[in-house]
Amino acid sequence: MKPALREQILTVLAAIPAGRVTTYGRIAAMTEGATPRLVARALRELPEDHGLPWYRVITASRKLADHPGAAEQRERLAAEGVVLDARGRAPAERLWP
């Protein structure tokens with residue numbers, strides 16, 4: 001992945017406000033050429049001490065992606081007031097932008 005594209009993805013990620021979520025696809029659409037898969041790759045490759053709100057990124061179906069950090073993601077979102085429904089979906093009104 002080109003460094004400029006990664007920078008665009010991380011800039012969008014940093015801008016997601018607390019208590020809101022966005023999708024891999026929405027982040028991709030705000031960049032110059034990223035795809036949802038490239039967004040996921042950029043998140044997977046974040047260093048451990050990054051401090052970016054990776055947990056605010058969800059799938060297009062408003063669910064958490066299947067990954068090792070999903071339980072932590074659910075907890076962090078709940079702490080910000082984003083509570084998933086019985087089907088595991090984030091409320092539509094919490095989507096950003």
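Me: As what does Glu 80 count at 21% relative accessibility?

Reply: This is a predicted model, in which local features need pLDDT of at least 70, side-chain atom pairs count only at pLDDT 80 or more, and totals for chains, interfaces and linings use all residues. Residues are numbered from 1 along each chain as its sequence is written, and side-chain values use heavy atoms, with hydrogens and water left out. Buried means under 20% relative accessible area and exposed means over 50%, with partly exposed in between (1.4 Å probe, protein chains only). At its 21%, Glu 80 therefore counts as partly exposed.

Me: Which residue meets Glu 80 in a salt bridge?

Reply: A salt bridge is a side-chain nitrogen of Lys or Arg within 4 Å of a carboxyl oxygen of Asp or Glu, and the side chains of Glu 80 and Arg 56 meet in one at 2.6 Å, N to O. The pair links distant parts of the chain, 24 residues apart, with Arg 56 in the loop between α3 (36–44) and β2 and Glu 80 in the segment after α4. Helices (H or I, at least four residues) and strands (E, at least two) are DSSP runs, numbered from the N terminus.

Me: What separates Arg 76 and Glu 72 along helix α4?

Reply: The side chains of Arg 76 and Glu 72 also meet in a salt bridge, at 2.9 Å, N to O. Arg 76 counts as partly exposed at 35% relative accessibility, and Glu 72 counts as partly exposed at 36%. Both lie in helix α4, about one turn of the helix apart, which is a separation of 4 residues.

Me: Within what arc do the buried residues of α4 fall?

Reply: The buried residues of helix α4 (residues 70–79) are Ala 70, Gln 73 and Leu 77. Seen down the axis of α4, they line one face of the helix, because the directions from the axis to their C-beta atoms fall within an arc of 55°.

Me: Against which strand do the buried residues of α4 pack?

Reply: The face of α4 turned away from its buried side carries the exposed residues Ala 71, Glu 75 and Ala 79. The packing concerns contact, meaning heavy atoms within 4.5 Å, and the buried residues of α4 pack against β2 (57–58).

Me: How are the planes of the rings of Trp 54 and Tyr 55 set, and what is the pair called?

Reply: Rings of Phe, Tyr and Trp (its six-membered ring) pair if their centres lie within 6.5 Å, and planes under 30 degrees apart count as stacked, over 60 as edge-to-face and the rest as tilted. A search of the whole structure finds 1 aromatic pair. The rings of Trp 54 and Tyr 55 have their centres 5.8 Å apart and their planes at 90°, so the pair is edge-to-face.

Me: Which residues does Arg 26 contact beyond four places in sequence?

Reply: Arg 26 has its place in helix α2 (residues 24–29), and at 31% relative accessibility it counts as partly exposed. The C-alpha atoms of Arg 26 and Ala 60, 34 residues apart along the chain, are separated by 8.5 Å. Leaving aside its neighbours within four places, Arg 26 is in contact with Leu 95, Trp 96 and Pro 97.

Me: In what order do the elements of the protein run?

Reply: The secondary structure of the protein comes to 4 helices and 2 strands. From the N terminus on, these elements run α-β-α-α-β-α.
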